[in-house]
Amino acid sequence: MNIRNITIIALTAIMPVANVMAQSKNNVIDEVIWVVGDEAIYKSDVENLRQDYQAAGQRLPGDPYCVIPEQLAVQKLFLHQAALDSIEVTDAEVFEAVDARIEEFIDNQFGSIERMEMAFGKTQTQIRELLFDSERSKLLTQEVQRNMITGTKVTPAQVRNYFKSMPEDSLPYVPTRVEVEIFVRQPIVTQEEIDKVKDDLRSYTERINSGQMQFSSLAALYSEDPSSSKGGELGYASRGDYVPEFANVAFSLTDPKTVSKIVETEYGFHIIQLIDKRGDKINVRHILRKPRVSDEAIETCINFLDSVCAEIKNGDYTFEECVPYLSDDKDTRNNHGLMVYKNPMTMETRSRMELKELPTEVSRAVSGLAVGEMSKPFLMMNTQGKEVVAVAKLKNRINGHRATMADDYEELQNVMIDKLNGDKIEEWIKEKQKTTYIRINEDWRNCEFQYPGWVKE
């Protein structure tokens, strides 16, 4: 079984937004229908998810009153294993996932923040808070699965033997993918704007130290970090979870009443307050402020990139020659601008990507380009959440086709590795069923489960 299918089984139960929309639904008479370990699954959990699937137009592979409880049960097996293995994720990681989820809602489902808020009957901040637990569970589940599949390898001979007897129409279909290079310039922020941000942070410190306001209240009002909805709290994290500048100051704090000096990182300017220390981990809250980029600075970057593109078109330089010296993007600068996609499960990277795997702004910029053509300069947000100006070049386009050993060995290799990884996880679920206490109400047993081991005679 493909690892992507296994992951869907484990995660679809936590990916819908039942908790977000539940208040707008009719109440159901609640009862415990399954018990997995010491965790209960309620009838309302199943009903809310069923209504979410229905509202989203998603069809389930079978009876929802069989499929959904099993999804929830599989999820609980993974979360129980995460607890046994002491696997943790930081609040910062969860909020990053929440923001990506909301962006997905806006881009693929609602079209705007306003429509999303109207559909849920809640503000964006409230939606973020209600998605927190489900995204945390998703990240924990992914980490458990990643630990299970780390190190799976296959040889070229194994791949060749696996696919040689397969009918051509059964071979994997490789969707259209592109290779994209990017050239990025960071607009210069004026010293006046930097001074303004620092003055604001100093004023927050004075209000905290004088007792006028709590740090968490000011973070909720003014911080430009996703953690603002949690009063700036980041959760327990190790030194390596933060950029060095932030970690050096955060881990030097000893008094929870003290507010740190102003810290500059690639994300902006921060002040930090210690909440608690636990072994080699700390829990802090912070306020992040990002200096605003002026229209003039953006225009300067656009003009600069226009001039560089003109020289490239004239043959004075190549795109790849300019990037290492002139691009401000640390992620691609040393790779001549080539963008890569990192698989969140295996952490493997690849340069060939589907358009939907690119940042939205980049995807739009290259979608109509010919191979070798450069886009016009465009605005985008970088991985640090800062506004930058970029030019993208379509290095290559590989049209969709059936995979072949000659042209798509890497793709076929990944399919086989996915198959082996899927088998590993499927076997783990079956073994976990044998050692976990499971009780299913009589009325909920008459199902063709994907994993029959739930019902123990």
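The legends below describe close-up views of a predicted model.

**View 1. A patch of negative charge on the surface.** Asp 295, Glu 296, Glu 299, Asp 306 and Glu 387 gather here in a surface patch of negative charge. Helix H12, which spans residues 295-313, gives the most to this patch, with four residues. Glu 387, by contrast, lies in strand E12, residues 387-398, and with a relative accessible area of 30% Glu 387 is partly exposed.

**View 2. The hairpin of strands E6 and E7.** Strand E6 (residues 263-265) and strand E7 (residues 268-278) run antiparallel and are joined by three bridges. Within this pairing, Val 263 stands opposite His 270 of E7, and two residues lie between the strands of the hairpin that E6 and E7 form.

**View 3. The hairpin of strands E7 and E8.** Strand E7 also pairs with strand E8 (residues 281-289) in the antiparallel sense, over nine bridges. Phe 269 has Arg 289 in E8 as its bridge partner, while in the hairpin, where two residues lie between the strands, Gly 279 takes a positive phi near 65°.

**View 4. A salt bridge within helix H3.** The structure holds 20 salt bridges, and one of them brings together the side chains of Arg 50 and Glu 47, at 2.6 Å from N to O. Because Arg 50 and Glu 47 are three residues apart in helix H3 (residues 43-56), about one helical turn separates them. Glu 47 counts as buried, since its relative accessibility is 11%, which falls under the cut-off of 20%.

**View 5. A salt bridge between distant parts of the chain.** The side chains of Lys 281 and Glu 88 meet in a salt bridge with an N to O distance of 2.9 Å. This pair links Lys 281 in strand E8 with Glu 88 in the loop between helix H4 (64-84) and helix H5 (91-110), parts of the chain that lie 193 residues apart. Lys 281 is partly exposed, with a relative accessible area of 23%, whereas Glu 88 is exposed, with a relative accessible area of 51%.

View 6. The side chains of Glu 135 and Arg 101 meet in a salt bridge at 3.6 Å, N to O. Glu 135 lies in helix H7 (residues 124-149) and Arg 101 in helix H5, so the pair ties together parts that are 34 residues apart in sequence; both Glu 135 and Arg 101 are buried.

Key: Residues are numbered from 1 along each chain as its sequence is written. This is a predicted model: local features need pLDDT of at least 70, side-chain atom pairs count only at pLDDT 80 or more; totals for chains, interfaces and linings use all residues. Side-chain values use heavy atoms; hydrogens and water are left out. Patches are made of residues with over 30% relative accessible area and no salt bridge: like charges are joined within 9 Å, nonpolar side chains (Val, Leu, Ile, Met, Phe, Trp, Tyr) within 5 Å. Accessible areas come from the Shrake-Rupley method with a 1.4 Å probe; for residues, only the protein chains shown count as cover. A salt bridge is a side-chain nitrogen of Lys or Arg within 4 Å of a carboxyl oxygen of Asp or Glu. Lys and Arg count as positive and Asp and Glu as negative; His and the chain ends are not counted. The place of a charge is taken as NZ of Lys, CZ of Arg, CG of Asp or CD of Glu. Buried means under 20% relative accessible area, exposed over 50%, partly exposed in between (1.4 Å probe, protein chains only). Two strands pair if DSSP finds at least two bridges between them.
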